[in-house]
Every structure is written in C-alpha cells, then in structure tokens.
Amino acid sequence: MAASRTPLWRRSRTSASGLALNDSRDHRWVLIESSSKLTSEVSLVPADEPWAAPRVVSPREQGIDYSVEVARDGLWILHNADAPQFALSRAPLSSSSRREWELVLPEDPRRRLIGVSVYDRAIVVEHRTDGLPGVLILPRDGQGNVGEPQELTFDEVLYDVNADESPDFDTDRFRFSYESLVTPPSVWEYRFDTGQRRLLKQTPVLDDPHFGPYDPAAYVSERLWATGLDGTRIPLSLVR
C-alpha cells in the first residue's frame, strides 16, 4: 500500500523483508513483525504497557513464515508450517510456542491462503486458487466455534475480488471489491447471518460517442489453458 498507515490486520501475507510495528484491531496490542524472504517472527506488547518486554508468538524457525491476527478469543495464525500453501491455526492469547497452535483450516495444495480477518460472527480468508483470487467465509457460533468454509462464488469465470476489513469485531457484515474484464469496479456488502449481498457502488462506464451506452451482455470473457513444455498449465484470459 502507499504511504498511508496500514494495520497488520489489514495486510495480506507477503514475503517482503523488513520490520513492521503496528497495533491490533482492538488497539490492545502492539505487534512487532520481523520478516525475511523465507522466515518471520511476531512479538506482542500490551498497548497499555509499552515498556513491557515483547512476547514472541513463536520463535523464529528457518523456513517458517507466519502472520498473526489478534482477536478477542485468541490468536489466529496464517502459516506455512507443514503447509507450503499456508494453513490457518488458532492459539491462546498467551501462546508463545508453535506447539500451542490448533489447526482450523488445513492446507489445500491448489489454494494459496494470503490473508485473514477475524470477527465474532465469521472469519474471512482471502486466497488464490488456480491463479484466481477468492474469499472464504468461515461462520462462527456464539461460543466461537468455526463452521464449514463457504466460498464467495460469482457468475463470471474471470474476476478480481478483495475483502475489505471492518475495525469492529462484532460487525455483522463486511465489504468486498469486485471487478472483471466485463464488470466495472464495484463495492459490495455481504451479511454474515443471511449471506445476502448488496451492491453499494459501481464505477460508471461512459457512453461511447459512436456505439452508445456500454452493454456488458455484448461481451464474453473466457479462461483457457495452455500447457508449457515442462507440463505447467498456463492460464489465458480472453474477452471478446
């Protein structure tokens, strides 16, 4: 993101090297994230005790990359421990070792997990599957138990979707951005309780001086696959 301040809970999992200092969603914790190309380490400091010694969530291990979402009921950790495409685990707020991580969403070799946002009613996971971005919604009950993942599906075969985050744990909805080769950029709202979607805003397409108003039904988008010499499948995006 640009120069604006972006809390850790609003950032997707990346492999960038560096040191990041930020706060949790509820502003109760300061997160210190140190990362390299293949390895990362996250430490927590209570925001009301800024001089306290940082507590490491899990000590740095060669090849283990993880990020932490601090929620009211514990730590939610996106990691590649025994999961090259990343998995989601849960741990107590007091956790200081990977031995305390409890697997919630196991790795899927076809799906790369890239970001997570935790709310009281649901967990929103951003991923990329077969080269396409996607959003998984894991419902939660009143005790915080996690239900079966629900994929946010769309009618088009080609699109870009990104989940926006709310600063409130107790929100009953979240927003996501959507666009495709045929559909202009749009902002939608999704309700956790009903699954209902509502279009909030869509970028207008100006009339063409010769062809007139834009008609999305006049266009078709397709996804084809080519095979490289080494057998790698290569996606091809077409619009006509």
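Which residues form a nonpolar patch on the surface? The patch consists of L224, I234, L236 and L238, which together have about 300 Å² of accessible area. The structure is a predicted model, in which local features need pLDDT of at least 70 and side-chain atom pairs count only at pLDDT 80 or more, while totals for chains, interfaces and linings use all residues. Residues are numbered from 1 along each chain as its sequence is written, and side-chain values use heavy atoms, with hydrogens and water left out.

**Nonpolar patch**

- Patch members have over 30% relative accessible area and no salt bridge; nonpolar side chains (Val, Leu, Ile, Met, Phe, Trp, Tyr) are joined within 5 Å, and like charges within 9 Å.
- Accessible areas follow the Shrake-Rupley method with a 1.4 Å probe, and for residues only the protein chains shown count as cover.
- Strand β18 (residues 233-239) gives the most to the patch, with 3 residues; strands (E, at least two residues) and helices (H or I, at least four) are DSSP runs numbered from the N terminus.
- L238 lies in strand β18 and counts as partly exposed because its relative accessibility is 38%; buried means under 20% relative accessible area, exposed over 50%, and partly exposed in between (1.4 Å probe, protein chains only).

**Salt bridges: overview**

- The whole structure contains 12 salt bridges, each defined as a side-chain nitrogen of Lys or Arg within 4 Å of a carboxyl oxygen of Asp or Glu.
- A network of salt bridges links D172, R173, E189, R191, D193 and R198.

**R98 and E61**

- R98 forms a salt bridge with E61, with the closest N and O atoms 2.9 Å apart.
- Because R98 lies in the loop between β7 (87-91) and β8 (102-105) and E61 in the loop between β4 (55-56) and β5 (66-71), the pair ties together parts that are 37 residues apart in sequence.
- R98 is partly exposed at 28% relative accessible area, and E61 is partly exposed at 29%.

**D73 and R140**

- In the salt bridge between D73 and R140, the closest N and O atoms are 2.1 Å apart.
- D73 lies in the loop between β5 and β6 (74-79) and R140 in the loop between β11 (132-139) and β12 (150-151), so parts 67 residues apart in sequence are tied together.
- D73 is partly exposed at 38% relative accessibility, whereas R140 is buried at 11%.

**R240 and E222**

- The side chains of R240 and E222 form a salt bridge at 3.1 Å, N to O.
- R240 lies in the segment after β18 and E222 in strand β17 (residues 221-227), so this pair ties together parts 18 residues apart in sequence.
- R240 is exposed at 58% relative accessible area, while E222 is partly exposed at 26%.
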